[in-house]
Amino acid sequence: WLGSLRKSSVAVAGAALAASFAAGLVMPKPWRRGEPPATDVGAWVEKVGNYQAMYVRDTVDQAVDDPVRTRALLAAFSRQAPSAVAVPDLRDAGLVFKRIQRLGLGELPLLQMVFLAAVGKPAALCVLPSQDRDMPLSVRRLEGLSVAAWVSKGLAYVFVADMTVAQASVIAEKLVADQYPA
């Protein structure tokens, strides 16, 4: 009996530690004024990929976009960012927009736009202000997902999706080239 109590206590403590770690990565932060610091692109891409890997379909399946809230979040973020941000219409790529969230990464505001395909895990396009110079698109696998990252016009982007690297590359290339309507 004592052994099973210890095992369950360890399991509960481990779950609590994991939950607090995940919450610490993504808790909403107030919008900050001033210049964004240089972004460690590799580190934040990995954090976003790891966070997105925890999502399951049920997380956003029943979510309904609130256009007023979406416009307000985009406007607030765009006022703080060097370039305006819009939600791309990815229906041609088989992804339906479900919701937008304002999260934070350290002191920086992070927008997460969540999309859902007909099957599989949710996909996300995340945007973060950055002082890094423009960086070309790179795509890799992380936590079983395809992760595409680039920096353009003072914004760092990550597109994370449950699809092949080739499929994610095609979508990300069109995102980089601004070929999806807002």
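A residue is called exposed when its relative accessible area is over 50%. Lysine 153 has a relative accessible area of 61% and is therefore exposed. The structure described here is a predicted model.

Lysine 153 lies in the loop between E5 and E6. Its phi is positive, at about 55 degrees, although the residue is not a glycine. Most residues other than glycine have a negative phi. With a relative accessible area of 63%, aspartate 178 is exposed, because the cut-off is 50%.

Helix H5 (165-176) contains 12 residues. The distance from its first C-alpha to its last is 16 Å, close to the 16 Å expected at 1.5 Å a residue. Ala168, Ser169, Ile171, Ala172 and Leu175 of H5 are buried. The buried residues of this helix pack against E3, strand E4 (135-142), E5 and E6.

Helix H4 (67-80) has 14 residues, which should span 20 Å at 1.5 Å a residue. Its end C-alpha atoms are 20 Å apart, in agreement with that value. In H4 the buried residues are Thr70, Leu73, Leu74, Ala76, Phe77, Ser78 and Gln80. These buried residues of H4 pack against E1, E2, E3 and E6.

In soluble globular proteins, nonpolar side chains tend to be buried together. In this model the largest nonpolar core has 28 residues, of which Met113, Phe115 and Phe159 touch the most other members. At least two residues of this core come from each of H4, strand E1 (96-105), strand E2 (108-116), E3, E5, E6 and H5. A second, separate core consists of 7 residues, including Leu103, Leu108, Cys126 and Leu128.

Leaving aside residues up to four places away in sequence, phenylalanine 159 touches Leu90, Leu95, Ala123, Ala124, Leu125, Ser146, Val147, Ala148, Trp150, Ala168, Ile171 and Leu175. Among these contacts, Ala168, Ile171 and Leu175 are buried residues of H5.

The largest pocket has a volume of about 440 Å³. It is lined by 21 residues, and those closest to its centre are Ala84, Ala86, Tyr157, Leu175 and Asp178. Strand E3 (123-129), strand E5 (145-152), strand E6 (155-161) and helix H5 each give two or more residues to the lining. By class, this lining comprises 16 nonpolar, 3 polar and 2 charged residues.

Of its 14 lining residues, Asp92, Ala93, Gly94, Met163 and Ile171 are the closest to the centre. The lining of this pocket is made up of 8 nonpolar, 3 polar and 3 charged residues.

Notes:
Residues numbered from 1 in each chain as written. Predicted model: local features only at pLDDT ≥ 70, side-chain atom pairs only at ≥ 80, totals over all residues. Heavy atoms only, no water. 1 Å grid on protein atoms, 1.4 Å probe; cavity = no way out; pocket = protein on both sides within 12 Å on 5 of 7 lines; lining within 4 Å. Points joined across faces, edges and corners; volume = space filled by probe spheres on them. Helix = DSSP H or I, 4+ residues; strand = E, 2+ residues; numbered from the N terminus. Nonpolar A, V, L, I, M, F, W, Y, C, P; charged D, E, K, R; others polar. Buried < 20%, exposed > 50% of the residue type's maximum accessible area, 1.4 Å probe, protein only. Core = buried A, V, L, I, M, F, W, Y, C linked by side-chain atoms within 4.5 Å. Contact = heavy atoms within 4.5 Å. Expected span 1.5 Å × (residues − 1).
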